[in-house]
Amino acid sequence: MNRSFFVSPASVGEASRMSQENPQAFFMAGGTDLLVLRKNKLIHPQPILYLRGIPDLAEIRRDANGGVRIGACATLHAVAKHPLIQKGYPLLAQAALAVASPQIRNKATIGGNICLNSRCWFYNRSPFWRVEYSECRKATGGTRCYVLPQSHKGCFALQSGDTVGPLVAIGAKLHLVSSRGERILDIEDFYLGDGIRYLALRSGEMVTAVLLPEPKGRGTFIKFRSQNNLDFATFNLTLFPPQEGGGSRIVVSSVASKPLRALKAEALFDQGAPGKEVVDQAMKEIPLVSFVRGSVEFKKQVLAARMTEAIAAAGNLLKE
Amino acid sequence: MDSPRIITKRVNRPDSFAKVTGRAKFTMDLSFPGMLTGKILRSPRHHARILHLDPTPALKVPGVKAVITARDLPPVVYGFGDRRADMTVFAIDRVRYKGDEVAAVAAADEDAAHEALERIRVEYEDLPAVFDPEAAVQEGAPQLHDDSPGNIGVRIRINKGDMDRALAEAYLVREDRFDTQRVHQSYAEPYACVADWDAEGKITLYTGTMNASGLQIMLSRVLKVPVGRIRVIQSHTGGSFGSKVVLNSIYPASAVLSRITGRPVKMVYTREEEYFASRPRYAGRYYVKTAVKRDGTILGRELTFFYDAGAYCDMAAAMIIVCSHRNDSVYRIPSIRTDAKLVYTNKSPVGAYRGYGNPQNTFAFDSQLDMIAGELGLDPAEIRLRNATRSGDTTVHGWKITSCGLTEAIEQTVKASGWKAKRGKRRDLRRGIGMACTIHEVDDRHSDAFAGSNAHVEILPDGEAVIYSGEGEYGQGRDTVFCQIAAEVLGLPLESVRILLPDTDITPYALGPWGSRVTYSGGLAVARAAEEARKILLQEAANMLEANPADLHLREGKIFIRGIAQPRATVAEAAHFALFRKEGKRIRGSGQDEPATTKMDPTKQSSPCSTYSFACQAVEVEVNEQTGEVKILKVWTANDGGNILNPIGAEGQIEGQVLQGIGFAKTEEMIYRHGHLLNPDFMTSGTAGPFDAPPLDIYFTKTHDPSGPFGAKGVAEVAAPPTAAALANAIYDAVGVRIKKLPLSPENVLQAVREQGGPGR
Amino acid sequence: MKDLNLRVNGDPIHLFIEEDETLLDVLRDRLMLTGTKQGCREGQCGHCTVLLDGKAVNSCLTLALEADGGEVLTIEGLARGDQLHPVQKAYVDAGAIQCGYCTPGMIMAIYALLQENPHPREEEIREGIKGVMCRCTGYYKIVEAVKQAAAGGAAR
């Protein structure tokens, strides 16, 4: 067994095999979240399987179906600046650009953003800080959740990668590879909705590419924060209006352990229902939880307001 | 005086090259042979008895050289200066906040130090804790200090004029409560030090302190080591904004570890430690009752004020003296009745942060002043002009106001901002404008002992001058302005003047940053020292040239005889002559400023400050009532800092202050839940960033202070205080919602909009 | 322990390091290049910003081994002796320095910004410096410095 801490596999197959053989192993691409989690003693990678030495994993190119294939190790900066993305998937470019800072975006990858460890006020902290919250289910396998103290089980840590909302709305798929084979998964099916077991990744499996279908029409992406700083979103809203009576998308992400689609609201939107009706329906379908900053009342009000504006703006877009 | 050549001009900082190339050494950058890494063990409990403390297992960790607790230091209980003594370097039998210092280790590297901390065995017995100051003063609340019943560390009761009569005679009395939050200074460089207790029993401490002279004395007291055996050397300092004047436990801890190990010991705070265990801005709760006449003239103000000290008073014991009455002198207020309580709670102690007390007090008073103006149907600018303190006033506390640009500042703000066309007129657009005013002290005397500044200026044989001053440089521009002053007096090019960072073996005693006094008092000392050096230089030059010193003058490093256009000699030649002639002489001048002030005592009349600075600020906003977002469209500042000697520096000070003011007003908060600090980092504590900085207009009033160096006062602390009140007042103007609690975040604004009747009022 | 080979400011460097050492610690503690600063160790303050293979990154969130075979540019690599880089000169002349602690990280972020975008709009400037926390200046003179540097053709 490898006693190295930092290993640079030469291929996806090797990476996958090593991950299966070392239950404590962690894949690392940009490492901008992983290294902080390690510093806070929330994870103990052994070894780190560094992916950026594997050829072709960062490529962004057209694929045979008229869509685009983004290698999982493409940095958020590269994604945001690529002409194929800017032209065909501007909301994805916008979302990638909304992450943190230029320094983070130059290392953080789209694969990392999609697989981002779910986050919580009570989890992403140092050991000294967490003494007070030592029963956190996610951090220590304890018996409590400090976000929803009345819950008997479950974890409400949030899916937090900003690119996820647009990818869901676009209808992206993920190419997953392990030493036992490969599969393609709709991105929506990648998230399990629990803060602890949040991804549908099998042992040794890794995301190698994000597959985007042909571009849709224009839409709106909003990353709402109380302050334009490096922080994660209070919520993300991605909205595509219907085209020829169908295919609208209303995706709210970073508010739950998985990205959320307001399916019934989308149906109303497709049918041409008035904006207020669509928004009211969507708000019924999006469960919100109070966090330290961002009470339910606040998030509800702002999300509804922003969604209303986005629908109105989309109406104008359609008229152009 | 001749037209100034260097002061009042736009010049670059003398330390520009060192800082822009990364070569300026901050404390963390220092390295010494054999140096060890030190770390502090901090209490994870809010309030607990220490039943058992066994540090010895830490010594078993490879690489660990020493571990210390309270037992390894003299049993000194200290406070800040001669104030309330309630602290020890390490907890003895009780910890009083999460972060309280319990022990320290020195090890070969950081990993070993961390492991050593984990091995120290501590057994705690939890005690009930209290986190809110009003709860802490109640009967039955947990007591933090046995000698402070009701958890009151300091109480100041002020009674001036006749408040009862003011209330009786008033046309209008308003009573309101205001709350402000803890915020952190968020300076870039964490607390750090290197201590070296050498074989001759001398301690050298390298650190980024604002107060080298004071720190030397505090260390002497706490370690029971003679002052002469302690040398404090200020490294380049990455910001402080008031915090780094205290005796942080890392200083004596690393010194003692160095004594035991015989090696230098470096200690550096993590960013998280900054939030748990440094000295943030206090949270204040204000119950303000103000009486006014029909025309808006203020008759009196009654204030009950809770100042949340945290677990130890430290500097707050001195600060409350200022905070409890400074803002009474912005406006003419004939009667004051104040009950100010510095209250212990089980949180980290607080400290000084730029204009301490001023942003909080101004938020309360200037918000209420607008509410009063509203009830009287008066324009907020008018009510301020009516009541503004003026030059020649003696305020309710006996403060003598000499130079005062407040009226000019208000009038300029009204003019520049387009106030009259905007105020009260754009609610349909959800736009509003608000203003606030403030006063700040220059110098503030807290004792009958020396409260000034000393400086030496020496002219070296190469014609360069060196300034020795105990006042610190931590970004605010001391270096620049002192070099400007000396260069101006000595007729030298600016590049020929150098200055040292304070080093208590070399630089003379100075009071440090109390009120905005470094340019003023430190500058006076430097000017006087330069003047004395100039006299000696001219005497020597006269001897060398066989001329009359009265006929000589200096310009651009050269010596001229009156009436002759060509220079006769250079300063270098004269200095060389002086030093190397028979019975040679150093050209070294000394200067001192000892303010002719009386000790600050809010309960009496006093004249504790050399002079006062003033400012007015207006903020224009656009409010989104659906989301609570407040967009700051522009900020106008009008600042009275007397004659501005260093315009680039002064602008930089105003600019930095406005963004800190916006942070305090809008984005920043140290959030406590059941006493636990939830957000110990830059990002989640809301530190203001480049997208929070609005378009900004800066104006300096044409004030010349008769006593200041070349007419200067201080500007470093007048532009942060008014922002929160101006912003709250602007929000009211825009949407008719009055918010009395900070920060004015979207969530808090939205809640206020909902509570006060919803959008579209 | 592993071998690390990289170029720092043009100099070839060979070290034998712990596998979990960050690039920040290697630069500061092993190479004594203390111009790059430590502010938070969690990628929020940007005082540790260096260029790795031409891209601005937080060196505190970079394992040194990630830079194996790569090129690192630190603040020490910008000036040539006494000759300041145009970005540095513009920064000094604009009065953008106060305490100086964020200055190295800020200069590297600005250098990287102008390499990619030689004539940034104001909003792009603010986004470009967003990752470096400055508490002294309010960013006003820093933004001005970037504009001056861009106008003077500092991207080269």
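Reply: Happy to! Let's start with "cavity": a set of grid points where a 1.4 Å probe fits but cannot get out. This is a predicted model, and by that rule it has 13 cavities of 30 Å³ or more.

Me: Which residues make up the lining of the largest cavity, and what makes them lining residues?

Reply: A residue counts as lining if it has an atom within 4 Å of a cavity point. For the largest cavity, with a volume of about 590 Å³, 39 residues line the space, and among those closest to its centre are Gln476(B), Ser516(B) and Ala716(B). Helices α13, α14 and α16 of chain B each supply at least two residues of this lining.

Me: How do you know how many of those lining residues are nonpolar, polar or charged?

Reply: Asp, Glu, Lys and Arg count as charged, and Ala, Val and Leu are among the nonpolar ones. Sorted this way, the lining of the largest cavity has 19 nonpolar, 15 polar and five charged residues.

Me: What lines the second largest cavity?

Reply: Its lining has 15 residues, including Asn229(A), Thr687(B) and Met133(C) near the centre. The volume of this second largest cavity is about 170 Å³.

Me: Why are β20(B) and β21(B) called paired?

Reply: Two strands pair if there are at least two bridges between them. β20(B) and β21(B) have four bridges, in the antiparallel sense, so they count as paired. In one of these, His553(B) has Phe560(B) as its bridge partner.

Me: What makes β20 and β22 of chain B edge strands?

Reply: The open sheet runs in the order β20-β21-β22, and β20 and β22 each pair on one side only.

Technical notes:
Residues numbered from 1 in each chain as written. Chains lettered and ligands numbered in written order. Predicted model: local features only at pLDDT ≥ 70, side-chain atom pairs only at ≥ 80, totals over all residues. Heavy atoms only, no water. 1 Å grid on protein atoms, 1.4 Å probe; cavity = no way out; pocket = protein on both sides within 12 Å on 5 of 7 lines; lining within 4 Å. Points joined across faces, edges and corners; volume = space filled by probe spheres on them.
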